[in-house]
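This briefing concerns a single protein chain. Please view the sequence and the model side by side while reading the points that follow.

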Amino acid sequence: MAHSGAPDITVTAGDFTVAIIAASWHTEVMDGLIAGAERAAADAGAQTTLIRVPGSFELAVAAARVAKHFDAVVALGVVIRGGTPHFDYVCSAATDGLNRVALDSGKPVGFGVLTCDNDEQARDRAGLPGSREDKGHEAMTAALATASALKDYPLG
């Protein structure tokens with residue numbers, strides 16, 4: 001959900017369980033993203049399990065493995081543009097992989113992978129003190145709102 005024009009979503013999800021799959025690179029930003037996701041889940045009454053993976057590339061395989069055990073998955077990561085095409089490959093793989101997990105599993109996947117040009121942009125979106133945005137909170141809210149919208153349509 002983009003910051004400008006973002007909907008005001010309130011979710012009550014006391015019976016939902018959510019896996020938070022979080023990359024390990026960029027510790028300060030990741031700590032903010034995780035805290036925002038956990039805060040959104042707590043506000044909604046959802047239960048979370050945190051699973052850490054090395055980087056954003058590994059988010060999709062972890063999400064695919066655990067999706068069947070949870071009502072939703074939230075993937076959190078940070079990819080900072082560098083001087084090589086690595087940024088493009090990792091961003092594409094993470095986006096395509098997480099989309100595939102959502103479609104193949106039928107479970108909502110909250111997309112909280114920051115794809116930024118520099119560290120400053122990442123910190124500004126991480127929900128840290130002074131940040132303009134809280135993408136971890138937004139990703140969790142989106143996943144819970146989608147799970148709530150689909151609760152009357154069981155997988156089958």
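Helices (H or I, at least four residues) and strands (E, at least two) are DSSP runs, numbered from the N terminus. The model is predicted: local features need pLDDT of at least 70, side-chain atom pairs count only at pLDDT 80 or more, and totals for chains, interfaces and linings use all residues. Residues are numbered from 1 along each chain as its sequence is written, and side-chain values use heavy atoms, with hydrogens and water left out.

**Overall dimensions and packing**

- The radius of gyration of the chain is 15 Å, which agrees with the value near 15 Å for a compact globule of 156 residues; it is taken over C-alpha atoms, and the globule rule is 2.2 Å times the number of residues to the power 0.38.
- Along the principal axes, the C-alpha atoms occupy a box of roughly 45 × 30 × 25 Å.
- Buried residues make up 44% of the 156 in the chain, where buried means under 20% relative accessible area, exposed over 50% and partly exposed in between (1.4 Å probe, protein chains only).
- Among contacts (heavy atoms within 4.5 Å) with a separation of 6 or more, 78% join residues 24 or more positions apart.

**Surface and charge**

- The chain carries 12 positive and 19 negative side chains, the centres of the two sets lying 4 Å apart.
- In that count Lys and Arg are positive and Asp and Glu negative, while His and the chain ends are not counted; each charge is placed at NZ of Lys, CZ of Arg, CG of Asp or CD of Glu.

**Helix H2**

- In helix H2 (residues 59-66), the buried residues are Leu59, Ala60, Ala62, Ala63 and Val66.
- These buried residues fall within an arc of 165° seen down the axis of H2, so they line one face of the helix; the arc is that of the directions from the helix axis to the C-beta atoms.
- Val61 and Arg65 are exposed on the face of H2 turned away from the buried side.
- The packing partners of the buried H2 residues are strand S1 (17-22), strand S2 (47-52), strand S3 (72-80), helix H3 (86-105) and strand S4 (109-116).

- Ala60 counts as buried at 13% relative accessibility, and beyond its neighbours within four places in sequence it is in contact with Gly97, Leu98 and Val101.
- Ala60 and Ile21 are 39 residues apart along the chain, with their C-alpha atoms separated by 8.9 Å.
- Ala62 is buried with a relative accessible area of 13%; residues up to four places away in sequence aside, Ala62 touches Ile21 and Val53.
- Ala63 is buried with a relative accessible area of 0%, and, not counting residues up to four places away in sequence, Ala63 touches Ile21, Val73, Leu98 and Val101.
- Ala63 lies 8.7 Å from Ile20, C-alpha to C-alpha, although the two are 43 residues apart in sequence.

**Backbone at His26**

- Most residues other than glycine have a negative phi.
- His26, which is not a glycine, has a positive phi of about 60°.
- His26 belongs to the loop between S1 and helix H1 (27-44) and is partly exposed, with a relative accessible area of 28%.
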